[in-house]
Amino acid sequence: MDSPTRTQPPARSSAAIERVQSHIQANLSQPLTLPELAELAGLSMWRFATVFRQQVGVAPHRYICRLRLERAQALIRDGVPAATAASEAGFYDQSHLSRHFKNVFGMTPGQYLTAARQLHTAC
């Protein structure tokens with residue numbers, strides 16, 4: 001007997017993941033652990049990671065890192081020093097931010113700021 005394929009995630013799981021995403025947004029500068037997020041969703045840690053990846057498209061850690069990078073990027077663009085931006089975005093330190101920033105954006109925060117300034121003055 002074939003099992004039916006699911007095209008929509010269960011509503012309970014969707015609501016739980018949305019609740020977790022809201023929590024992440026509100027607490028981005030704080031440490032966010034997988035067990036804490038799984039508990040908030042009411043799922044086991046392993047089930048949470050699977051459901052999150054299915055519904056959001058990336059693993060929870062990667063999702064959090066990307067949001068932190070976007071926040072740091074905006075802060076740096078607004079003239080906040082990289083060390084302060086790292087702290088306010090939830091990274092351990094400036095080195096931690098720089099490592100992730102370069103991996104995702106292909107440049108360091110300093111190079112990004114220089115490019116953003118050049119673009120702004122060219123307009």
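Student: What covers the buried residues of α6?

Tutor: The cover includes α4 (60–77), α5 (82–89) and α7 (109–122). Contact means heavy atoms within 4.5 Å. The model is predicted, so local features need pLDDT of at least 70 and side-chain atom pairs count only at pLDDT 80 or more, while totals for chains, interfaces and linings use all residues. Residues are numbered from 1 along each chain as its sequence is written, and side-chain values use heavy atoms, with hydrogens and water left out.

Student: Which residues of α6 are buried?

Tutor: Buried means under 20% relative accessible area, with a 1.4 Å probe and protein chains only. In α6, these are His96, Leu97 and Phe101. They lie on the same side of α6 because they cover an arc of only 125° around the axis, taken from the directions from the helix axis to the C-beta atoms.

Student: What is found at the N-terminal end of α6, and what just after the helix?

Tutor: Asp93 caps the N-terminal end, with a side-chain oxygen 3.3 Å from the backbone nitrogen of Ser95. Just after α6, Gly106 takes a positive phi of about 80°.

Student: Which residues have the most contacts inside the largest nonpolar core?

Tutor: In soluble globular proteins, nonpolar side chains tend to be buried together. A nonpolar core is a set of buried Ala, Val, Leu, Ile, Met, Phe, Trp, Tyr and Cys residues joined through side-chain atoms within 4.5 Å. Here the largest has 16 residues, and those with the most contacts inside it are Val20, Ile24, Leu37, Ala41, Phe48, Phe52 and Ile64. The helix α1 gives the most to this core, with 4 residues.

Key:
Buried means under 20% relative accessible area, exposed over 50%, partly exposed in between (1.4 Å probe, protein chains only). Helices (H or I, at least four residues) and strands (E, at least two) are DSSP runs, numbered from the N terminus. A polar contact is a pair of N or O atoms within 3.5 Å; within protein, one must be able to donate a hydrogen and the other to accept it, and residues adjacent in sequence count only if both atoms are side-chain atoms.
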